[in-house]
Every structure is written in structure tokens, then in C-alpha cells.
Amino acid sequence: MKFVDEVRIYVKAGDGGNGAVAFRREKFIERGGPNGGDGGNGGSVVFVSNPQLTTLLDYRYQQHHRAKNGEHGMGSDCNGHGAEDMVLQVPVGTLIRNEQTGELLVDLSDPGQQFVAAKGGRGGLGNMNFATSTRQTPRFAQDGGKGEEITLRLELKLLADVGLLGFPNAGKSTFISRVSRARPKVADYPFTTLVPNLGMVQYKDSLSFVMADIPGIIEGASEGVGLGHQFLRHVERCKVLVHLIDMGAEGEGRKPLDDFNILNTELKKYSAELASKPQVVAANKQDLTEGRDRLGPFTEALRRRGIRVYPVSCATGEGMQPLMDAVAEVLFTGRTDKIHVEMPTKRSASKAPAKAPAKKAGAKATVKKAPAKKAAKQAARKGAAKKAPAKKAAAKKAPAKKAAAKKTSRKPLAKKAVRKAPVKKAVRKPVAKKAARKAPAKKSGGRR
């Protein structure tokens with residue numbers, strides 16, 4: 001069956017029936033009065049979500065839908081029959097928009113949900129409704145109302161809990177066929193999957209969720225390259241996204257890290273909200289030698305970003321259980337501990353500043369030691385300079401004691417001593433005074 005997820009249709013509700021103009025005509029009853037009946041209501045166009053449907057294929061070939069009109073009123077107080085509503089069944093998850101304005105009218109996300117897209121016209125009143133005491137024979141009636149008409153755009157967004165994203169031929173179809181009972185087409189060439197596939201995954205403890213496999217995304221999908229972004233709407237409702245990276249990709253310039261970056265870039269170009277959803281990264285094709293060789297650098301590169309990588313092999317089933325455990329934990333509990341790792345850059349950054357100051361401190365210590373040595377040398381030089389004047393002062397003190405009467409020779413010596421050795425100043429003064437006192441004693445002896 002062909003998959004169609006977007007159509008444009010025209011719907012027209014039924015018109016209401018006109019009211020009747022009639023009068024009672026019976027034998028022996030003159031001027032019986034008005035007895036025209038009312039017209040019936042027109043049918044409305046109603047959309048109902050049906051969980052048994054998975055495509056909008058029925059509306060691709062039949063794009064005009066008109067509900068029936070209501071019957072007109074009749075005489076003898078007979079009202080017209082109302083028309084039945086036209087029920088259009090669509091898959092669950094269908095969005096109904098106004099084609100002209102682009103306004104979202106309703107999102108039929110629940111099974112059995114109904115939406116009246118076009119309301120039918122109301123039936124007109126017969127002339128019996130307009131009879132009064134002053135106007136007993138009304139010869140007019142009311143016409144029925146017109147039914148609504150509108151052009152709609154139907155968009156289908158599949159209801160899935162987990163979405164599979166990846167480059168073409170990355171192993172998405174094999175992955176969903178292994179974890180669920182879905183049997184999509186699997187082949188060894190790109191773009192094997194042309195339409196989204198849904199699979200019911202039975203997890204532990206009677207828990208289950210729906211997984212969606214969409215066609216591959218390549219660089220430039222936002223510009224229409226490949227199948228473009230037309231199928232990304234089917235993973236907008238998903239709570240968790242699984243990035244399946246082809247570790248054994250062949251081709252010029254194909255690297256796992258580049259594929260991962262391209263996927264996130266295309267998601268951001270389509271919707272920032274979609275790009276912000278939790279992502280579980282799975283490195284597929286670990287059964288190949290090339291895949292195992294590329295796993296180490298790819299894991300280390302994503303570890304620097306704080307992202308955990310789950311190595312798996314969809315062909316052999318290796319590593320599938322840890323991956324499904326991580327997906328189920330994010331889906332049912334909302335915790336993202338298993339899909340993130342501690343970034344190594346934080347540890348190295350914390351250690352680097354501790355070592356840098358230590359080296360700087362050591363440098364400063366060497367700088368401080370050099371002035372200490374210089375200061376010691378300078379102190380030694382100053383000590384030697386101070387000792388030399390002390391000897392000179394001692395040498396000058398001896399003649400000063402022998403010839404104390406000569407004042408001219410004492411004064412300059414006293415000044416120099418005051419400047420160079422101020423501590424011995426008190427010793428010199430008493431000596432000069434004694435010499436001055438002894439001199440007059442000798443003079444007095446001469447006179448006698």
C-alpha cells in the first residue's frame with residue numbers, strides 16, 4: 001500500500017432546506033390558515049481519527065467531499081428531513097490546517113477524536129411560524145442557510161515514542177526489524193526505505209513503546225537533497241531520538257564524526273525543538289573490522305562533548321540490550337544519566353591551573369633568592385667599609401690623647417668622629433674636658 005502523509009482536499013457542508021409556504025385546504029374548513037413546514041438541516045463534514053489507518057491514500061484520489069443538503073419543508077405541517085453528517089476517517093496523528101491561512105485547526109492525536117470541519121446549513125422556517133393575530137395569512141417562508149466550505153491541508157505525523165535517524169544504508173531497517181516485529185525492506189543500497197515504518201517494541205516488565213524508522217537524511221536535506229525534510233515531521237512527536245551512525249561507511253570523506261555533525265545540523269535547520277530532544281548515539285556495524293577500528297577515535301571525540309556511545313551490531317545483535325535499556329530509561333523515567341558521560345576536559349582544566357601557580361611560585365622563589373644573595377654581598381661590603389673607618393678613627397684617637405692642648409687638630413677629628421662613629425662621641429668629650437682642666441693647674445704652679 002502506498003504511503004501518503006500530506007494531501008489537500010475541499011470540503012462542503014450541506015445546505016439547509018427551505019421552509020414551505022402552504023395553507024390548510026380541507027372541505028368545510030374555510031381559511032384554515034398557514035401550515036407550511038420547516039426545512040431540514042444540512043449535513044456537516046466531520047473528521048474522526050481511526051487507529052486502524054496509517055496513510056492518507058484515500059484522499060489523494062478523491063479530493064472533493066460534499067455533504068448532503070437538508071430536505072425542504074412541506075404542507076400539512078410537515079418538516080423536511082435533516083441530512084446525515086459526512087464522516088471522514090483519518091489516521092491518528094493527523095493535523096488539519098486551513099490551506100489559505102495556514103492556521104492549525106486541530107491535531108487529531110487521540111483515537112476516536114472528532115472535529116467538525118464544515119458545519120451544515122440550518123433549515124428555514126415555514127410560513128406557519130410567522131402567523132400572528134394581526135398577520136394571519138403570511139405568504140412567505142424562510143430559506144435554508146448555506147453550508148460552510150473550506151479547503152484543507154491534511155498532514156500526517158505518526159505517533160511514535162522513539163525515532164531512528166541516520167544516513168542512508170546505516171542499518172535502521174535492520175535495527176527496527178530486530179527489536180520489533182516490523183518487517184521493512186532491507187537491501188544493500190542507499191535509500192532502501194522510502195516511507196516511514198512503525199514497530200511495536202516489547203520491553204521488560206510488560207512495557208512497550210512505538211519506534212519509527214524514517215528514510216535516511218544526508219547533507220543538504222534542508223535544501224531538498226535526497227528525500228529532504230519531508231519525513232522529519234514523523235519524529236516530531238518522539239520523546240527520544242536514536243542516532244544510528246554507520247561505522248563502516250565507505251566513500252570519499254565519510255567519517256563517523258562528520259556524519260554525526262551533519263545529522264545535528266540538519267535537525268537544527270528543520271526545528272530547534274526537535275534538535276533539543278534527548279539523543280542516544282549508537283555506533284553500528286561493529287561486526288566489521290573497519291567499524292571496530294573507527295570506534296575508539298569516535299568514542300573519544302564524543303566523550304569530550306559529554307556524550308556516551310553505544311557500540312552495537314544490528315546484524316549479530318551485539319550490544320542491543322544496553323542500548324535499549326538506555327532508551328527505555330530516558331523514555332519512561334526522563335533521566336539522561338546513561339546517555340551522558342563526564343567530560344575529560346573539566347578534569348584537565350582543573351589540574352592545569354593548580355600546576356601553573358606552582359611553577360610561578362617556584363619562579364618567584366628563585367627571583368627572591370637572588371636579591372637575598374645580593375643583599376648578603378652588599379652587607380658584607382658595607383661591613384668592610386665600616387670596619388675601615390673604625391680603624392682610622394682608632395689611629396686618629398691616639399695622637400688626640402697625646403696632644404690634647406692643640407684645639408685646631410682636635411676639632412676636625414671630632415667632626416669626623418661624629419659623622420662616622422657617633423656612638424663614641426661621649427667618650428671623646430670627657431677626654432677633652434680633662435685636658436682642659438689640667439692645663440690651668442700647671443699655670444698656677446708656675447706662678448708660685
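Colleague: Which residue is the bridge partner of F47 in β7?

Modeller: In this predicted model, F47 has F115 as its bridge partner in β7.

Colleague: What makes β4 and β7 the edge strands of their sheet?

Modeller: The sheet is open, with three strands in the order β4-β2-β7 and mixed pairing; β4 (86-91) and β7 (114-118) each pair on one side only, which makes them the edge strands. From one strand to the next, the twist averages 30°.

Colleague: How do you know that the span of helix α3 agrees with its number of residues?

Modeller: Helix α3 covers residues 256-270, and its 15 residues, at 1.5 Å a residue, should span 21 Å, while the end C-alpha atoms lie 22 Å apart, which agrees. Among the buried residues of α3 are F260, I262, L263 and L267, and what covers the buried residues of this helix includes β9 (162-166), β12 (240-246) and α5 (289-303).

Colleague: Why is the pair of F209 and F332 called edge-to-face?

Modeller: For F209 and F332 the planes stand at 65° and the centres are 6.2 Å apart; the angle is over 60 degrees and the distance is within 6.5 Å, so the pair counts as edge-to-face. F209 belongs to strand β11 (residues 208-213) and F332 to helix α6 (residues 320-333), so this pair ties together parts that are 123 residues apart in sequence.

Colleague: What makes F209 buried or exposed?

Modeller: The relative accessibility of F209 is 1%, and buried means under 20%, so F209 counts as buried. F332, with a relative accessible area of 38%, is partly exposed, since that class lies between 20% and 50%.

Colleague: How do you know that E6 and R233 form a salt bridge?

Modeller: The side chains of E6 and R233 meet at 3.2 Å, N to O, and the cut-off is 4 Å, so the pair qualifies. E6 lies in strand β1 (residues 6-12) and R233 in the loop between β11 and β12, so the bridge ties together parts that are 227 residues apart in sequence. R233, at 10% relative accessibility, counts as buried, whereas E6, at 28%, is partly exposed.

Colleague: What makes E155 and R97 a salt bridge?

Modeller: The closest N and O atoms of E155 and R97 are 3.5 Å apart, which is within the 4 Å cut-off, so this pair qualifies too. E155 lies in strand β8 and R97 in strand β5 (residues 94-98), so the pair ties together parts that are 58 residues apart in sequence. E155 counts as buried at 12% relative accessibility.

Notes:
Residues numbered from 1 in each chain as written. Predicted model: local features only at pLDDT ≥ 70, side-chain atom pairs only at ≥ 80, totals over all residues. Heavy atoms only, no water. Helix = DSSP H or I, 4+ residues; strand = E, 2+ residues; numbered from the N terminus. Expected span 1.5 Å × (residues − 1). Buried < 20%, exposed > 50% of the residue type's maximum accessible area, 1.4 Å probe, protein only. Contact = heavy atoms within 4.5 Å. Pairing = 2+ DSSP bridges. Axes fitted to C-alpha atoms, helices over the stretch in contact; angles between N-to-C directions. Phe/Tyr/Trp six-rings, centres within 6.5 Å; stacked < 30°, edge-to-face > 60°.
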